[in-house]
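Hi,

Here is the structure I promised to pass on.

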Amino acid sequence: MPKHAEGQNTGARFAFVLQPEFPFAALILASDALRIANQNSGRDLFQWKFVTEDGADVRASNGMWFPADCDIDGAGSADVYLLFEGNLPTQHISKKLLGYLRMAARFGALVGGVDTGAYALAQAGLIGTETAPDVVLHWEAVPAFREWFPDAEPRNRIFQLTETRGQCAGGVATVDMMLCLIAKFTGEAMANEVANAMVHTRREETVCQRDDQRFESGHHSLTSRMVAAMEQNLDFPLTLPELAGHLEVPQRTLSRISHSAFGISPMRLYLRIRLQAARNFLFYEEHSIKEVATACGFSFPAVFSRCFKLQFGQTPSAFRSDLRGKQKLTEHPEIRRLVRRDV
């Protein structure tokens, strides 16, 4: 891997590895950051390829189809391998992909994941291990990730970068990690130029992923602690007295804070958080409806289905059915062509 020395712009080669339902916005931000660095320097500091496992077009999470430059066998070597994963973090983890990531790591490249790319990296044994437990992925996918990798330690930060690993929560955080990588290979001055060109203020990797988790004192601290306590106790929901005891505040204070910040009672907020977690389980995983209900604190699937429909307008089974229908078009591009031909 090229090593940066002061006054030297060595650049690097990137392999952007795209999985079905990858986050399109994150990919555009990542590639454009490199493009701007090349443009501003007047040199080809960075090179990059868009890679898929079989070299075929791949569908992004926004429904757009994206052409690949090559398959993983023909991609050649790179200095940085970034796996872009989104809505289907477990369904397309193949032995071939895991072997590709392990090979890249074995030869000293920096290997990373964007959004839910942590699933494949953890399964490949590259992160979430006893010696390197820290994991960074999009906050919505954390509960489901814990089910797969209970020994890993997801961190509430926008990205994490070491000499050999890069992990990013996705979204705009992708820019921050890319700027850090640009600084690593070409220096801080170039990274700052790119940030300015993208009208972006650089953020440290330890910044929390969500606005409601950034405050450390007063009213906002209690709000974030309350939400965190609810998110950490999905399967066995706390009662209001238990929640108040856990946070060491009066029940009246919790009610006042919840109504002020969210416009609803603490228990109504708790229900919404559990239902959102259930939706994420259905979205990212293959658990049965009963298993999802249990994981989110519903003793009876019928109650879970009724609450889910009131919140999202359709039952859990209907939500999953619609989602799987869209996924079939993702997995079988030939179906997409037939559908478009018949329209």
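Predicted model: local features only at pLDDT ≥ 70, side-chain atom pairs only at ≥ 80, totals over all residues.

Let me start with the cores. The largest nonpolar core has 69 residues, and F145 and L254 touch the most other members. Helix α10 (residues 266–284) gives the most to this core, with eleven residues. Another core, of 42 residues, lies apart from it and includes A30, V175, A183 and V194. As for F145, its contacts beyond four places in sequence are A118, Y119, A122, V135, L137, A152 and P154.

Next, the helix pair. The axes of α1 (residues 24–41) and α5 (residues 173–186) come within 9 Å of each other, crossing at roughly 30 degrees. Because angles under 35 degrees count as roughly parallel, α1 is roughly parallel to α5. Their crossing is right-handed. Where do α1 and α5 meet? On the α1 side the residues are A26, L29, A30, A33, L34 and A37, and they meet T174, V175, M178 and I182 in α5.

Finally, the glutamine. Q167 belongs to strand β11 (residues 165–168). With a relative accessible area of 4%, Q167 is buried, since buried means under 20%. The Q167 side chain reaches the backbone nitrogen of V136 at 2.8 Å. Leaving out residues up to four places away in sequence, Q167 touches G113, I127, D134, V135, V136, I158, F159, Q160 and M177.

Best wishes

Notes
Residues numbered from 1 in each chain as written. Heavy atoms only, no water. Helix = DSSP H or I, 4+ residues; strand = E, 2+ residues; numbered from the N terminus. Buried < 20%, exposed > 50% of the residue type's maximum accessible area, 1.4 Å probe, protein only. Polar contact = N/O pair within 3.5 Å; in protein donor to acceptor, adjacent residues only side chain to side chain. Contact = heavy atoms within 4.5 Å. Core = buried A, V, L, I, M, F, W, Y, C linked by side-chain atoms within 4.5 Å. Axes fitted to C-alpha atoms, helices over the stretch in contact; angles between N-to-C directions. Parallel < 35°, antiparallel > 145°, perpendicular 65-115°, else oblique. Left-handed = near helix turned anticlockwise from the far one by under 90°.
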